[in-house]
Amino acid sequence: MSGQSITDRITAAQHSVTGSAVSKTVCKATTHEIMGPKKKHLDYLIHCTNEMNVNIPQLADSLFERTTNTSWVVVFKSLITTHHLMVYGNERFVQYLASRNTLFNLSNFLDKSGLQVPPSDFSNSK
């Protein structure tokens, strides 16, 4: 799949309408595109962790919500984005994560995207 999916575009547009730039950026950082989160989105989210008027629980919850997606790409990008914010973001983000009883519940995750990984060449080796 190339480019953002229709679902990604609709979700980002919904966040634009509600005025949540943070949620919109989380959505854009965790699209269905098979590539890492874009640097501009990660940089903006790092900047948000340093702003006193940004709701850190809302930022974290937006990332947690993306881990409930049925696509392994979206879930993986959510985890990558969270890790990036833990390493490069403000300590307030890490402190909030540490204060939660649970972080990510991936125990029920089952990729339903239908994306097949090609068989390994090793299966034909002698």
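The legends below accompany close-up views of a predicted model of a single chain.

**Figure 1**
Of the 126 residues in the chain, 36% are buried. The accessible surface comes to about 8,100 Å², and carbon and sulfur atoms account for 56% of that surface. When contacts between residues at least 6 apart in sequence are considered, 70% of them join residues that are at least 24 apart.

**Figure 1. The largest nonpolar core.**
The largest nonpolar core of the model is made up of 16 residues, and those with the most contacts inside it are V22, L45, L59, A60, L85, F93 and L97. Two or more residues of this core are given by each of the elements α2 (21-29), α3, α4 and α6. The largest share comes from α4, which contributes five residues. One of the residues with the most contacts inside the core is L97, and its neighbours, leaving aside residues up to four places away in sequence, are A60, F64, T82, M86 and L103.

Within α6, the residues F93, Y96 and L97 are buried. Seen down the axis of α6, these buried residues fall within an arc of 100°, and therefore they line one face of the helix. This arrangement can be read against the geometry of helices: an α-helix has 3.6 residues a turn, so residues three or four places apart point the same way. The buried residues of α6 pack against α3, α4 and α5 (72-88). On the face turned away from this buried side, α6 carries the exposed residues E91, A98 and S99.

**Figure 2. The start of helix α6, and Q95 within the helix.**
At the start of α6, a side-chain oxygen of N90 comes to within 2.8 Å of the backbone nitrogen of R92. Further along, Q95 also belongs to helix α6, and this residue is classed as partly exposed because its relative accessible area is 46%. Although Q95 and I56 are 39 residues apart along the chain, their C-alpha atoms are separated by 9.9 Å.

Side chains of opposite charge can pair when their charged atoms come close. Both D43 and K39 lie in helix α3 (residues 39-50), where they are four residues apart, about one turn of the helix. With a relative accessibility of 34%, D43 counts as partly exposed, whereas K39, which has a relative accessible area of 60%, is exposed.

The side chains of S23 and S62 are joined by a polar contact of 3.1 Å. These two residues are 39 residues apart along the chain, yet the separation of their C-alpha atoms is 6.0 Å.

**Figure 3. T30 in the loop between α2 and α3.**
The loop between α2 and α3 holds T30, a residue that counts as buried because its relative accessibility is 0%. Leaving aside residues up to four places away in sequence, T30 touches R66, V74, K77, S78 and T81.

Terms used. Residues are numbered from 1 along each chain as its sequence is written. This is a predicted model: local features need pLDDT of at least 70, side-chain atom pairs count only at pLDDT 80 or more; totals for chains, interfaces and linings use all residues. Side-chain values use heavy atoms; hydrogens and water are left out. Buried means under 20% relative accessible area, exposed over 50%, partly exposed in between (1.4 Å probe, protein chains only). The arc is that of the directions from the helix axis to the C-beta atoms. Contact means heavy atoms within 4.5 Å. A polar contact is a pair of N or O atoms within 3.5 Å; within protein, one must be able to donate a hydrogen and the other to accept it, and residues adjacent in sequence count only if both atoms are side-chain atoms. A nonpolar core is a set of buried Ala, Val, Leu, Ile, Met, Phe, Trp, Tyr and Cys residues joined through side-chain atoms within 4.5 Å. Accessible areas come from the Shrake-Rupley method with a 1.4 Å probe; for residues, only the protein chains shown count as cover.
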